[in-house]
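Let's take a walk through this structure together. Have the sequence and the 3D view at hand as you read.

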Amino acid sequence: MLTKDSLEFLEDLKANNNRDWFLESKKRYEIFKKDYQQLVSDFLDAMKPHDPSLEMLEVKNCTFRINRDVRFSKDKSPYKDHLGIWLSSGSKGMNRSGYYVHIAKSGSFIAGGLYCPEAEDLKKMRKEIAYFHDDLEEIIAAGNFKKEFGGFDRNERNLLKNPPRGYEKEHPAIEFLKLKSFETSQKFEIEEVTKKDFVAKMTKRLIVLKPLNDFINRALTSED
């Protein structure tokens, strides 16, 4: 759980997203940072027994810097006004699926899967789906998965209008093959973050994504 003070810090940061205010609030930020790291530690303790691939992760592997990269953004606000946690067996230069927790007043959610893979990884995903779509269909159709997440997130950004090159429109997994991103998500109210059972409740939902993450990681690590 996060403290109410940490949520208030994020809210105040959103209203005062500038360097002067941040420097004046450095002590509040340091308290927030410790709270953030403790939350990540709690998630790791809760998730590792359910997913051995996370065993080597430390808190520093799962956090994000508060500074925004504004080089290619019209929004030049220097700081993030949300909190993110990324639990994945991937390392630098190695893309893998994982579990994500996003905490923000404007929209909190949990998610998992593979977000906007590079061309080579996308090719691997489509090959795995083409040959083993029965496995993926079984994962998506599982009762817990359908109850918690429904299916893959779909929008104009992550979905091709036509079949990808090399695949026929009659392919039985064509709706999966047309995806450009393979993530699924579920929203939650930010008020849940300060409750004692927050980590346990989110862990129970996140671990439903393990079969999907295993399928994706199998695709990414398989030899041609």
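Does α4 pass α8 in a left-handed or a right-handed crossing? Keep in mind as you look that this is a predicted model. The crossing of α4 past α8 is right-handed.

Let's look at this pair of helices in detail. Two packed helices are described by the angle between their axes and the distance between the axes. Here, helix α4 covers residues 119-141 and helix α8 covers residues 210-221; they pack at an angle of about 140 degrees, and their axes are 8 Å apart. Angles over 145 degrees would count as roughly antiparallel, so with its angle of about 140 degrees α4 is oblique to α8. On the α4 side, the residues in contact include Met125, Ile129, Phe132 and Leu136, and α8 contributes, among others, Leu212, Phe215 and Ile216. Sorted by class, the contact of α4 with α8 has 11 nonpolar residues, five charged ones and no polar ones.

Now turn to the sheet. It is open and has four strands, in the order β1-β2-β3-β4, with antiparallel pairing. β1 (83-88) and β4 (182-188) are at the edges and have a single partner strand each, so one side of each lacks a neighbour in the sheet. From one strand to the next, the twist averages 15 degrees.

In the antiparallel pairing of β2 (residues 98-103) with β3 (residues 108-114), there are five bridges. Look for histidine 102: its bridge partner in β3 is phenylalanine 109.

Terms used:
Residues numbered from 1 in each chain as written. Predicted model: local features only at pLDDT ≥ 70, side-chain atom pairs only at ≥ 80, totals over all residues. Heavy atoms only, no water. Axes fitted to C-alpha atoms, helices over the stretch in contact; angles between N-to-C directions. Helix = DSSP H or I, 4+ residues; strand = E, 2+ residues; numbered from the N terminus. Parallel < 35°, antiparallel > 145°, perpendicular 65-115°, else oblique. Left-handed = near helix turned anticlockwise from the far one by under 90°. Contact = heavy atoms within 4.5 Å. Nonpolar A, V, L, I, M, F, W, Y, C, P; charged D, E, K, R; others polar. Pairing = 2+ DSSP bridges.
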